[in-house]
Amino acid sequence: MENCTYFFVEHVVTDKQGWDKLRTSAEDMTVDKARSYPEWEGNECVLAIPTSDDKMTICLWKMRSGTSKDEFQAFIDRFACGYANNKVFQVEQALGIRKLDARGYFSDLINAAQGRHSPGYLDAPKVWLTHHCILDREGFSALNASIADKINKTCTTPSDCQTIFPAGHKCCLTLFFTGNDMVCFESTPEGVTYDDVKKAEDEFTRGMSRNYVYEMDTAKGLNAFHLSEDNWSQE
């Protein structure tokens, strides 16, 4: 994350028809042409995934180093054209971000506009987002430190990290924000339900955070195929 600043956005969609137009306006675009479009203002989106109910889309943006939260908020409100309410978080630390870049995002954007769907996340059938609103900062930090310590002591290959989570569950992206919020992206097998994930997150955090869980639709996402447990565990 050197020489850049990342921001995470939760777009709560208020005008679905208008929002969908942002996704389908790239029929005659190439990656290089896309980078030069004025509405991007020279900034780079590296990931976008809607929830399975299409009520919210999350995006991860790579901005020039030193961009303030207020500056980014003003930019993203212009970019979203009033089609969504945009809640912004500044990323302080990230795991699993290494292969997320604008080229992958634009490739999926162009394919979607031309009627070709993204492969989505390739390592597992389902992906879930949990937004942790931290209530006990000290306790939550200690919990994360214990996970890091366990990984350092027991994991020599990415597959070893599977022993840390329930069978079949994998972490593919974790973003720590400034302030008292963080998000985790977790993949699971088919058959795992919202109630299963919510229960597991609540038991794991033991009252140290409020946990908001969303099922994600990675096939409608842009650049989700560059998420992986391997990238997460190696960072």
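Buried means under 20% relative accessible area, exposed over 50%, and partly exposed in between, with a 1.4 Å probe and protein chains only. The views below show a predicted model, in which local features need pLDDT of at least 70, side-chain atom pairs count only at pLDDT 80 or more, and totals for chains, interfaces and linings use all residues. Residues are numbered from 1 along each chain as its sequence is written, and side-chain values use heavy atoms, with hydrogens and water left out.

**View 1. Confidence along the chain.** The mean pLDDT (the predictor's confidence in each residue, from 0 to 100) is 89 for the chain, and 93% of the residues reach 70 or more. Helices (H or I, at least four residues) and strands (E, at least two) are DSSP runs numbered from the N terminus.

**View 2. Serine 228 in the loop between strand S8 (209-216) and helix H7 (229-234).** Serine 228 counts as buried because its relative accessibility is 12%. A polar atom of the serine 228 side chain lies 3.0 Å from the backbone nitrogen of asparagine 231. Beyond its neighbours within four places in sequence, serine 228 is in contact (heavy atoms within 4.5 Å) with Tyr121, Asp123, Cys171 and Cys172.

**View 3. The largest pocket, with a volume of about 950 Å³.** Of its 37 lining residues, Asn144, Ile147, Phe165, Phe204 and Trp232 are the closest to the centre. On a 1 Å grid over the protein atoms alone, a pocket is an open set of points where a 1.4 Å probe fits, with protein on both sides within 12 Å along at least five of seven lines; lining residues have an atom within 4 Å of a point. The volume is the space filled by probe spheres set on the points, which are joined across faces, edges and corners. Helix H5 (137-154) is among the elements that give two or more residues to the lining, and H5 supplies the largest share, 11 residues. By class, the lining has 20 nonpolar, 9 polar and 8 charged residues.

View 4. Most residues other than glycine have a negative phi.

Conventions:
Polar contact = N/O pair within 3.5 Å; in protein donor to acceptor, adjacent residues only side chain to side chain. Nonpolar A, V, L, I, M, F, W, Y, C, P; charged D, E, K, R; others polar.
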